[in-house]
Amino acid sequence: MKNVHIGDCVRWESTAGTIRGEIVDIRLNRNADDELVPWLLVEHMIGNQVCYAVICGTDSYLKMVKLEVIYRDREKQAA
């Protein structure tokens, strides 16, 4: 998995365009091929409403959606 952490602000491409949000959780769970893979729970805004996106955390998928860390809060990382 790409070097991402809880608390990172990220940007990725989707069918809705470029979306920005904050990773609030990372969990291991099974995918459709029954492989254990990381899943990122990302909080983002649509208008004035808080929404959540679940993104597969495999390297190939993160590369496909062009996920990049745009801000990393070092204090949250240390907690």
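Modeller: A salt bridge here is a side-chain nitrogen of Lys or Arg within 4 Å of a carboxyl oxygen of Asp or Glu. This is a predicted model, in which local features need pLDDT of at least 70 and side-chain atom pairs count only at pLDDT 80 or more, while totals for chains, interfaces and linings use all residues. Residues are numbered from 1 along each chain as its sequence is written, and side-chain values use heavy atoms, with hydrogens and water left out.

Two more terms come first. Helices (H or I, at least four residues) and strands (E, at least two) are DSSP runs, numbered from the N terminus. Buried means under 20% relative accessible area, exposed means over 50%, and partly exposed is in between (1.4 Å probe, protein chains only).

Now the pairs. The salt-bridge rule gives a count of four. One of them joins the side chains of Asp 8 and Arg 72, at 2.8 Å from N to O. Asp 8 sits in the segment before strand S1 (9–14), and Arg 72 in the loop between strand S5 (68–71) and helix H2 (74–78), so this pair ties together parts 64 residues apart in sequence. Asp 8 counts as buried because its relative accessible area is 0%.

Another pair is Arg 11 with Glu 68, whose side chains meet at 2.9 Å, N to O. Arg 11 belongs to strand S1 and Glu 68 to strand S5, so parts 57 residues apart in sequence are tied together. Arg 11 is partly exposed, because its relative accessibility is 23%. Glu 68 is partly exposed too, at 36%.

What partner does Asp 25 have? Asp 25 pairs with Arg 27, and their closest N and O atoms are 2.6 Å apart. Asp 25 is buried, at 19%. Arg 27 is exposed, at 58%.

Next, the inside. A nonpolar core is a set of buried Ala, Val, Leu, Ile, Met, Phe, Trp, Tyr and Cys residues joined through side-chain atoms within 4.5 Å. The largest one has twelve residues, including Val 10, Trp 12, Ile 19, Val 42 and Leu 67. S1, S2, S3 and strand S4 (49–56) are the elements that give two or more residues to this core. In soluble globular proteins, nonpolar side chains tend to be buried together. Contact means heavy atoms within 4.5 Å. Leaving aside neighbours within four places in sequence, Trp 12 has contacts that include Ile 19, Val 42, Ala 53 and Leu 67.

Lys 66 is also in contact with Trp 12. Lys 66 lies in the loop between helix H1 (59–64) and S5. Lys 66 is exposed, at 56% relative accessible area. Its phi is positive, about 55°, although Lys 66 is not a glycine. Most residues other than glycine have a negative phi.

Where is Asp 34 placed? Asp 34 is in the loop between S2 and S3. Asp 34 has a positive phi as well, about 65°, and is not a glycine. Asp 34 counts as exposed, because its relative accessibility is 53%. Glu 35 is found in the loop between strand S2 (17–30) and strand S3 (36–46). Glu 35 is partly exposed, at 43%. Not counting residues up to four places away in sequence, Glu 35 touches Asn 29 and Arg 30.
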